[in-house]
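Please read this briefing alongside the sequence and the structure.

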Amino acid sequence: MADRPSLPKTLRTERLLLRPFQFGDVDDVYAYAKDPEWSRFLRVLPRPYDRIHAEQFIARQTLLDWIEHVAWAAVLKDRVVGGIGLRFNFENRHAELGYSIARSEWGNGYCTEAARAVIDAAFRTHEDLIRVHARADENNTSSQRVMQKTGMTKEGVLRKFRVERGEAFDEAWHSILREEWKQ
Ligand SMILES: CC(C)(COP(=O)(O)OP(=O)(O)OC[C@H]1O[C@@H](n2cnc3c(N)ncnc32)[C@H](O)[C@@H]1OP(=O)(O)O)[C@@H](O)C(=O)NCCC(=O)NCCS
């Protein structure tokens, strides 16, 4: 893996700075992550979400290898308003995109803006990357809307594919291929 290039540590979009999470981000992350509506579809997160969970999250982010797994904090006017990341599977030459934005900022196009920049960086950095995909609860309409706005195509829905907190839910998959990204 050592010969693999790594993605840029910082990316600038029209309105956001994407940079690695830092220990000073705990308060910002806690402020949005404790909101149960924000985590409605993020069932793996603890409930209630306490400050310690934000601290643990930040600690994990600082340990990422930045080759196989990268994650940026989305900073808007000096405040962290979300996160976006990629997990690479180099053997199969694809990557999975994940993201979140604080509820106070929903619907302003921030996630789409960040996702476009990250997908761009992924295809540019790894010239052999074939596809970037993302998946969401089939009921998570806004997340799927982001996928569509970044040029992804819906591949299908895996019925009752994932069980979290004892509940089985349908998972929708979207992807963008290198040739589609080039256009
Ligand atoms: C999904 C999420 C990241 C989107 O962030 P965002 O910054 O609001 O996204 P954008 O503003 O770029 O785009 C959201 C789109 O969804 C649409 N949308 C929002 N709520 C919607 C709803 N209930 N039904 C249909 N569309 C909806 C918005 O109108 C917008 O589309 P438009 O530009 O065509 O109007 C954000 O809602 C979030 O963090 N949710 C909680 C965490 C999460 O679910 N993460 C994804 C896990 S797969």
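Predicted model: local features only at pLDDT ≥ 70, side-chain atom pairs only at ≥ 80, totals over all residues.

Residues are numbered from 1 along each chain as its sequence is written. Helices (H or I, at least four residues) and strands (E, at least two) are DSSP runs, numbered from the N terminus.

**Nonpolar core**

- A nonpolar core is a set of buried Ala, Val, Leu, Ile, Met, Phe, Trp, Tyr and Cys residues joined through C-beta atoms within 7 Å.
- A residue is buried if 20 or more other C-beta atoms lie within 10 Å of its own, exposed if 12 or fewer, and partly exposed in between, with C-beta atoms placed from the backbone.
- The largest nonpolar core has 43 residues, of which Ala74, Ile84, Leu97, Ala114, Ala115 and Val118 touch the most other members.
- Helix H3 (residues 110-125) gives the most to this core, with 8 residues.
- Leaving aside neighbours within four places in sequence, Ala114 is in contact (C-beta atoms, placed from the backbone, within 7 Å) with Thr13, Leu16, Leu18, Ala74, Ile84 and Tyr99.

**Helix H2**

- The 12 residues of helix H2 (residues 51-62) should span 16 Å at 1.5 Å a residue, and the end C-alpha atoms are 17 Å apart, which agrees; the expected span is 1.5 Å times one less than the number of residues.
- Ala54, Ile58 and Gln61 are the buried residues named in H2. They lie on the same side of H2 because they cover an arc of only 60° around the axis, the arc being that of the directions from the helix axis to the C-beta atoms.
- Ile52, Ala59 and Arg60 are exposed on the other side of H2.
- Helix H1 (26-33) and strand S3 (69-76) are included in what covers the buried residues of H2.

**Ligand shell and helix H4**

- There are 20 residues around the ligand, and Cys111, Thr112, Ala136, Ser142 and Arg145 come nearest; a residue is near if its C-beta atom, placed from the backbone, lies within 6 Å.
- Strand S5 (94-101), H3 and helix H4 (141-149) each supply at least two residues of this shell, and H4 gives the most, with 5 residues.
- The shell divides into 10 nonpolar, 9 polar and 1 charged. Ala, Val, Leu, Ile, Met, Phe, Trp, Tyr, Cys and Pro count as nonpolar, Asp, Glu, Lys and Arg as charged, and the others, Gly among them, as polar.
- In H4 the buried residues are Gln144, Val146 and Met147. They cover an arc of only 150° around the axis, which puts them on the same side of H4.
- Exposed residues Thr141, Ser142 and Gln148 are carried on the face of H4 turned away from its buried side.
- H3, strand S6 (131-137) and strand S8 (167-177) are included in what covers the buried residues of H4.

**Backbone geometry**

- Most residues other than glycine have a negative phi, and most peptide bonds are trans.
- Arg47 and Pro48 are joined by a cis peptide bond, with omega about 0°; Pro48 lies in the loop between H1 and H2.
- Lys77 is not a glycine but has a positive phi of about 50°, and its place is in the loop between S3 and strand S4 (79-89).
- Asp78, also not a glycine, has a positive phi of about 70°. Asp78 counts as exposed because 7 other C-beta atoms lie within 10 Å.

Methods: Contact = placed C-beta atoms within 7 Å.
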